[in-house]
Amino acid sequence: MRHAAEAIVYNASWHSPSLAARATARLSDWPAMTETLRLSKYLADLLSCSRREAENYVQGGWVSVDGHVVEEPGFRIGPRQQVELAENASAADHKPATILLHKPPGYGSGARSRPASDLLVPANQAPDDRSGRHLVKRDLIGLELIMPLAPDASGLVVFTQEHGIVRKLVEDAARIEQEYVVEVAGELSAEGLARLNHGLSWRGAPLPPAKVSWQNETRLRFALKNPPAGLIADMCRQVGLQVLGVKRIRIGRAPMARLAPGQWRYLLGYERF
């Protein structure tokens with residue numbers, strides 16, 4: 001169980017429950033001592049809390065039965081089963097999740113790629129995630145991928161349950177700057193760099209000004225607003241460069257920072273796009 005070393009343990013032996021000092025049993029009124037009970041009902045009665053709070057404990061991933069985390073409030077428990085509640089458990093209502101993922105190449109849409117959502121597993125949560133949250137099943141329900149990347153690209157992608165963030169990143173996409181690091185091969189003159197910043201076209205139409213500069217001898221930084229798939233590669237082709245790799249490192253004010261490929265973290269409360 002998560003935080004098992006700090007768990008409060010309850011024995012579901014209903015005739016003689018073993019209780020922590022902070023909990024008061026309410027088992028004497030249960031007429032059938034041998035039938036199974038819903039886990040949420042057991043916790044609500046045991047902890048003298050509301051049914052909603054009990055369900056929040058369970059759905060928040062704070063409860064285990066016989067050493068296995070259970071996130072379904074309707075899970076049935078029987079006599080002699082051991083129920084554990086983490087010491088730092090919270091009964092607060094679920095907050096919608098927004099997750100920042102460093103997508104490696106090979107994930108995305110297409111027959112030969114895997115969904116980036118496959119990487120959203122507890123083992124891939126960044127060890128320095130400061131949100132205080134751990135992944136639970138409720139965090140994956142209705143989770144939307146916003147501003148996806150092509151399968152051969154890598155970098156920052158956003159998954160969210162928050163309608164406000166969906167509206168922000170979709171409706172304001174043309175005004176949100178994205179930053180990319182692009183690995184290139186070939187020679188680029190000063191004139192070519194100037195054209196990357198302003199002077200190229202895309203599908204017959206002139207491109208708006210961009211911010212392009214050298215990061216090192218083989219990598220360029222691009223700051224663009226809502227670039228369509230393939231735009232960066234085409235811009236480089238127009239000035240004689242071959243793109244070897246594209247990585248997005250920032251969306252608006254949200255940086256990918258120290259996330260390793262395949263790692264993810266929760267968006268912090270004060271962070272904005």
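A cavity is a set of points, on a 1 Å grid over the protein atoms alone, where a 1.4 Å probe fits but cannot get out, and its lining residues have an atom within 4 Å of a point. The model shown is predicted: local features need pLDDT of at least 70, side-chain atom pairs count only at pLDDT 80 or more, and totals for chains, interfaces and linings use all residues. Residues are numbered from 1 along each chain as its sequence is written, and side-chain values use heavy atoms, with hydrogens and water left out.

View 1. The structure holds 1 cavity of 30 Å³ or more. The volume of the largest cavity is about 30 Å³, a volume being the space filled by probe spheres set on the points, which are joined across faces, edges and corners. Its lining consists of Arg195, Leu196, Asn197, His198, Gly199, Leu200, Leu207, Pro208, Ala210 and Met235. Helix H4 (residues 190-197) supplies the largest share, 3 residues; helices (H or I, at least four residues) and strands (E, at least two) are DSSP runs, numbered from the N terminus. The lining has 6 nonpolar, 3 polar and 1 charged residues, where Ala, Val, Leu, Ile, Met, Phe, Trp, Tyr, Cys and Pro count as nonpolar, Asp, Glu, Lys and Arg as charged, and the others, Gly among them, as polar.

**View 2. The largest pocket.** A pocket is an open set with protein on both sides within 12 Å along at least five of seven lines. The largest pocket contains about 660 Å³ of space. It is lined by 31 residues, of which His94, Lys95, Pro96, Ser131 and Arg133 are the closest to its centre. Helix H2 (51-59) and helix H3 (163-171) are the elements that give two or more residues to this lining, and H3 has the largest share, 3 residues. By class, 10 lining residues are nonpolar, 11 polar and 10 charged.

**View 3. The second largest pocket.** The volume of the second largest pocket is about 480 Å³. Among its 24 lining residues, Leu149, Ala150, Pro228, Ala229 and Gly230 are the closest to the centre. At least two residues each come from H3, strand E10 (177-185), helix H5 (231-238) and strand E15 (242-251); E15 gives the most, 5 residues. The lining comprises 18 nonpolar, 4 polar and 2 charged residues.

**View 4. The aromatic pair.** Rings of Phe, Tyr and Trp (its six-membered ring) pair if their centres lie within 6.5 Å, and planes under 30 degrees apart count as stacked, over 60 as edge-to-face and the rest as tilted. The count by this rule is 1 aromatic pair. Trp264 and Tyr266 form this edge-to-face pair, at 5.2 Å centre to centre and 85 degrees between the planes. Both Trp264 and Tyr266 are buried, that is, under 20% relative accessible area (1.4 Å probe, protein chains only).

Conventions:
Buried means under 20% relative accessible area, exposed over 50%, partly exposed in between (1.4 Å probe, protein chains only).
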